[in-house]
Amino acid sequence: MTKSQSWGIIGGGMLGATLALRLAQQGERVTLFEGAPHLGGLASAWKLGDIVWDRHYHVTLLSDTSLRSLLAELGLESEMQWVQTKTGFYTSGKLYSMSNSIEFLRFPPLGLVDKFRLALTILYASRINDWRSLERIKVTDWLTRLSGRRTTQKIWIPLLRAKLGQNYERTSAAFIWATIARMYAARRSGLKKEMFGYVPGGYARILDSLSQALNEAGVLVNVDHVAKRVVSSAKRGTEITFTNGQLRSFDQVVLTVAAPAVADLCPQLTLEEQQKARSVEYQGILCASLLLRKPLAGFYVTNITDTWVPFTAVIEMSALVDPAHFNGNALVYLPKYVPGNDPLFSKSDEELRSNFVSALARMYPHFSPSDILSFQVSRVRQVFAIPTLGYSEKIFPVNTSQPGIHVVNSAQILNGTLNVNETIQLVEKALPELLATKVRSAAFEATSV
Ligand SMILES: Cc1cc2nc3c(=O)[nH]c(=O)nc-3n(C[C@H](O)[C@H](O)[C@H](O)COP(=O)(O)OP(=O)(O)OC[C@H]3O[C@@H](n4cnc5c(N)ncnc54)[C@H](O)[C@@H]3O)c2cc1C
């Protein structure tokens, strides 16, 4: 058995925190550094009026087995609430329920043949196992071939544009395949129903329990620590310099931050590595949370194809989560996915509010702006890596050219969408590789004495 090593982990989102826990459980000495004043990153919670809930909407699927195992370990899985939710579709100025096959057959914007081809596309995509060939095909070409031109123009492209902006033109078919595969995973794994789950208390509660587990496992957690530079040296191990002037040294350092930030932080990486890290393009988000006196329409997700609507979708969290958690009110999210350099990032909450609220009033005639108890916007410039054509070539390996510098981040999700289950699977996959590096460096030390 090799002796334990010291590990510094940069980024205290679900990925960094889970990785810290797993390494500590293997007997390693781990310190976790998070730039924000609290753990959680994209999954963190905030206060909205008189409630505390996730900054961005989160659900768990029955098929999210890695996440559910972690929740079981934290003692929270048995408390999960599982709910069958309804889905809405807003198209040509009208709101439709699309929650079952009969409603799908009645859906007026598409003819019967179009619907048949659309259903076949989804069924076909849900059965594909090998995504490799899909990452070379443009998503629009693939969908046009399967669903036909009309459905692609009327349904698919507006949905793709909503999530990816104009980048949808350069996105591969693997993106839509991964999205469909996630939604159908529950059925594929033999679980008949599509149910969405949540932990009472949301991610605030999950992160509290995770922090406690980290503490019990001996992980030292440092929040308010923004890493500025990571340098590996034969004599001093790998050093992290922080913006607050501190310098800390470890045997191994793992970065869980976005790919371009890896290039910024690690000047010793080779030119090829730097270019690879910088070539990953991200989609960002402006995500408004609204606490309302009344629900809107009772759909967990309402997909939107009308381009005049200034947000991507409507997420009614209170259609899933018992409104008692929101003091009887309704919690609604209005996400708008945009590239990280979009001018919308410079708009104030007030400007976005007037734009978003007038659209809501047009979509839901019974909605009144006086129903709003609270309105807050979360802004993140780098949320998920856009799976452009041939994306797998951009994937950064866990072990870099520099001894003691490693990368595990969500840009390494190869055949999936961004979600916490995938995030935890990245940790499960990387752990043996990281521990193997440790064995190699220990062997090197032993032979070089
Ligand atoms: C709108 C939205 C909806 C979502 N819905 C769902 C859902 O329904 N279900 C689901 O499972 N998942 C969902 N997700 C995805 C989920 O939030 C992510 O999979 C997960 O939170 C990613 O964790 P991470 O640690 O990889 O990244 P992050 O959460 O981004 O963590 C990275 C951390 O690194 C820190 N950091 C960055 N730079 C530095 C630095 N220099 N020094 C120190 N720290 C630094 C950041 O502050 C951050 O805390 C959603 C995400 C969004 C945005």
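Predicted model: local features only at pLDDT ≥ 70, side-chain atom pairs only at ≥ 80, totals over all residues.
Visitor: How many residues surround the ligand, and which are the closest?
Guide: The ligand is surrounded by 27 residues, and the closest are Glu34, Leu42, Tyr57, His58 and Val420. Residues are numbered from 1 along each chain as its sequence is written, and side-chain values use heavy atoms, with hydrogens and water left out.

Visitor: What is the make-up of that shell by class?
Guide: The shell around the ligand has 15 nonpolar, 11 polar and 1 charged residues. Here Ala, Val, Leu, Ile, Met, Phe, Trp, Tyr, Cys and Pro count as nonpolar, Asp, Glu, Lys and Arg as charged, and the others, Gly among them, as polar.

Visitor: Which helices each supply at least two residues of the shell?
Guide: Helix 1 (14–25) and helix 12 (420–448) each do. Helices are DSSP runs of H or I with at least four residues, strands are runs of E with at least two, and both are numbered from the N terminus.

Visitor: Which ligand atom lies 2.8 Å from a backbone N or O atom of Val420?
Guide: An oxygen atom of the ligand lies at that distance from Val420. On the nitrogen side, a backbone N or O atom of Tyr57 is 2.8 Å from a ligand nitrogen atom, and one of Gly35 is 3.0 Å from a ligand nitrogen atom. Taken alone, the ligand exposes 1,000 Å², and the protein buries 86% of that. Such areas come from the Shrake-Rupley method with a 1.4 Å probe; for residues, only the protein chains shown count as cover.

Visitor: What span does helix 1 have, and what comes after it?
Guide: From its first C-alpha to its last, helix 1 reaches 16 Å, close to the 16 Å expected at 1.5 Å a residue. The expected span is 1.5 Å times one less than the number of residues. Gly27 follows helix 1 and has a positive phi, near 90°.

Visitor: And helix 11, which of its residues are buried?
Guide: They are Leu352, Phe356, Val357, Ala359, Leu360 and Met363. Seen down the axis of helix 11, these buried residues fall within an arc of 160°, so they line one face of the helix. The arc is that of the directions from the helix axis to the C-beta atoms. The face turned away from the buried side of helix 11 carries the exposed residues Glu350 and Arg362.

Visitor: Why would residues three or four places apart point the same way?
Guide: An α-helix has 3.6 residues a turn, so residues at that spacing point the same way.

Visitor: Changing topic: what is the phi of Ser92?
Guide: Ser92, which is not a glycine, has a positive phi near 45°. Ser92 is found in the loop between strand 7 (87–91) and strand 8 (94–97), and at 63% relative accessibility it counts as exposed. Asn327 also has a positive phi, of about 55°, and is partly exposed at 47% relative accessibility. Most residues other than glycine have a negative phi.

Visitor: Where is Asn327 placed?
Guide: Asn327 is in the loop between strand 17 and strand 18. Ser318 lies in that loop and is buried, with a relative accessible area of 14%. A polar atom of the Ser318 side chain lies 3.0 Å from the backbone nitrogen of Leu331.

Visitor: Which side chain does Ser392 join in a polar contact?
Guide: The side chain of Ser392 is joined to that of Glu135 by a polar contact of 2.5 Å. A polar contact is a pair of N or O atoms within 3.5 Å; within protein, one must be able to donate a hydrogen and the other to accept it, and residues adjacent in sequence count only if both atoms are side-chain atoms. Ser392 is in the loop between strand 19 (372–385) and strand 20 (405–407), and counts as buried at 17% relative accessibility.

Conventions
Near = heavy atom within 4 Å. Buried < 20%, exposed > 50% of the residue type's maximum accessible area, 1.4 Å probe, protein only.
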